[in-house]
Amino acid sequence: KVAKESILDENRFKRYHCNMLVDSNECVFTKAEWDACKGELSDWSEADAVGAGIDLGSRDDLASMALVARFNIAEDESNPVYRFECRQWSFIARDSERDLTKAPFADWVHQGKLNVSGSPLGDLRDLLLEQCEKWQVDSVAYDPNGGQFLAEAVEQEGWTIARMGQNQRMMHEPITDLLRIVRAGQLTHNGDEVLAWAMGNAIVVRDRKDQWMFDKKHAREKIDPAVALVMAYRRASVAPPKPQGALYIA
């Protein structure tokens, strides 16, 4: 029954219960699952924690950043139960080789959902610092392969950074955990079309231990916003809770 609702679960059923050979590259998030998470975002000043993630592509790729806010909704046997909310921003170079006059990029640019810039990384850095200050971001995850310089600039402004390489060891747990909360209805997004497009493009490749990572090489289109989201989710999910109540200093 579960396998009928997800290609990922169908492939796992065939592999582990039917001993059938399946493709190691699999789509993760279905459109129905992702669309079901659309809703109104809350006031993030009330969040228990906020994490950020950045994924920087090549010159003709998107440069994306995502924020994930965590809200404490209940206590389960003294363990907190959380729900999460997310948003993302993406930039692309004005002189990119991609034709920005064609759909869907042309529509996103016209609607202000994709930022065209002469300096994508500089504009992303400025926006990231602004958002870190606004929401008091706990930490910013970055890929050391290409993101080191920007991360160091963020760290110099006083924010905590966290290395998160794009490999199975670092990505398996946050990808599978994000999939779990999507299916449980514990994630809310604002219907961002660029993010939905990237989530639909995202596929994973599994190693022999069934450890997952995103496969940019074989994705049908760009997945940078999806990668940034997973990184931001990871930082939000492991952040310490905010102090509660009044603070008195003797």
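Trp108 and Trp197 are both buried, meaning under 20% relative accessible area, while exposed is over 50% and partly exposed falls in between (1.4 Å probe, protein chains only). Their ring centres are 5.2 Å apart and the planes meet at 65°, so the pair counts as edge-to-face. Rings of Phe, Tyr and Trp (its six-membered ring) pair up if their centres lie within 6.5 Å; planes under 30 degrees apart are stacked, over 60 edge-to-face, and the rest tilted. Trp108 belongs to helix H3 (residues 105-110) and Trp197 to helix H7 (residues 193-201), so this pair ties together parts 89 residues apart in sequence. Helices (H or I, at least four residues) and strands (E, at least two) are DSSP runs, numbered from the N terminus.

A word on the model itself: it's predicted, with local features needing pLDDT of at least 70 and side-chain atom pairs counting only at pLDDT 80 or more, while totals for chains, interfaces and linings use all residues. Residues are numbered from 1 along each chain as its sequence is written, and side-chain values use heavy atoms, leaving out hydrogens and water.

On to charges. The structure holds 12 salt bridges, each one a side-chain nitrogen of Lys or Arg within 4 Å of a carboxyl oxygen of Asp or Glu. Here are some of them:

| Pair | Closest N to O |
|---|---|
| Asp35 and Lys31 | 2.6 Å |
| Arg70 and Asp48 | 2.3 Å |

Asp35 and Lys31 sit four residues apart in helix H2 (residues 31-35), about one turn of the helix. Lys31 is exposed at 62% relative accessibility, whereas Asp35 is partly exposed at 36%.

Tyr82, in turn, forms an aromatic cluster with Phe84 and Tyr233.

Then there's Asp215, in the loop between strand E10 (212-214) and helix H8 (224-238). Asp215 is buried yet has no salt bridge, and the nearest side chain of opposite charge, Lys217, is 7.4 Å away. (Lys and Arg count as positive, Asp and Glu as negative; His and the chain ends aren't counted.) The backbone nitrogen of Lys217, though, lies 3.2 Å from a polar atom of the Asp215 side chain.

Notes:
A polar contact is a pair of N or O atoms within 3.5 Å; within protein, one must be able to donate a hydrogen and the other to accept it, and residues adjacent in sequence count only if both atoms are side-chain atoms.
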